[in-house]
Amino acid sequence: MMFRHVVLFTWVAGTTDEQKATVEAALKELPGAIPEIRRYEIGSDAGVNPGNHEFAVVADFDSVEDYLVYRDHPVHRAVIADAIKPILAERAAVQYAF
């Protein structure tokens, strides 16, 4: 069994490309800081369908416990507080076992 975390973001109006790049760069650092992450994919929406969220994170873990380590990890929490929350308009998330 694996455990997956999927989160989708929509940014506030006026969010700059620099702010988006900061989020992406900060998120790319997390697998090196949190060894519990088994697979980590991030990316901006391709713009094919109107109304989609703008950015996605898909993270896989060996267990719910490993996900919780990631969720509560101080480096992850800092990325959320410093890079994501200042430009966040909307967030959706789901976690599931597979």
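The largest pocket of this predicted model has a volume of about 240 Å³. Here a pocket is an open set of points, on a 1 Å grid over the protein atoms alone, where a 1.4 Å probe fits and which has protein on both sides within 12 Å along at least five of seven lines; the volume is the space filled by probe spheres set on the points, which are joined across faces, edges and corners. Its lining comprises 15 residues, with Phe9, His76, Arg77, Ile80 and Arg91 lying nearest the centre (lining residues have an atom within 4 Å of a point). Two or more lining residues come from each of strand 1 (3-11), helix 3 (64-72), helix 4 (74-84) and strand 4 (88-97), and helix 4 gives the most, with 4 residues. These elements are DSSP runs numbered from the N terminus, helices being H or I of at least four residues and strands E of at least two. By class, 9 of the lining residues are nonpolar, 2 polar and 4 charged, where Ala, Val, Leu, Ile, Met, Phe, Trp, Tyr, Cys and Pro count as nonpolar, Asp, Glu, Lys and Arg as charged, and the others, Gly among them, as polar.

Residues are numbered from 1 along each chain as its sequence is written. Local features need pLDDT of at least 70 and side-chain atom pairs pLDDT 80 or more, while totals for chains, interfaces and linings use all residues, and side-chain values use heavy atoms, without hydrogens and water.

Helix 4 also packs against two other helices, starting with helix 3 at an angle of about 50 degrees and with the axes 5 Å apart. Axes are lines fitted to C-alpha atoms, for helices over the stretch in contact, and angles run from 0 to 180 degrees between N-to-C directions. Tyr70, Arg71 and Asp72 of helix 3 meet Pro74, His76 and Arg77 of helix 4, contact meaning heavy atoms within 4.5 Å. With helix 1, the axis of helix 4 comes within 10 Å and crosses at roughly 170 degrees, so helix 1 and helix 4 are roughly antiparallel. Thr22, Val23, Ala26 and Leu27 of helix 1 and Val79, Ala83 and Ile84 of helix 4 make this contact, which has 6 nonpolar, 1 polar and no charged residues.

Turning to the strands, 4 of them form an open antiparallel sheet in the order 2-3-1-4, pairing being counted when DSSP finds at least two bridges. Strand 2 (37-44) and strand 4 stand at the edges with a single partner each, so one side of each has no neighbour in the sheet. Strand 1 and strand 4 pair over 9 bridges.

Definitions and conventions:
Parallel < 35°, antiparallel > 145°, perpendicular 65-115°, else oblique.
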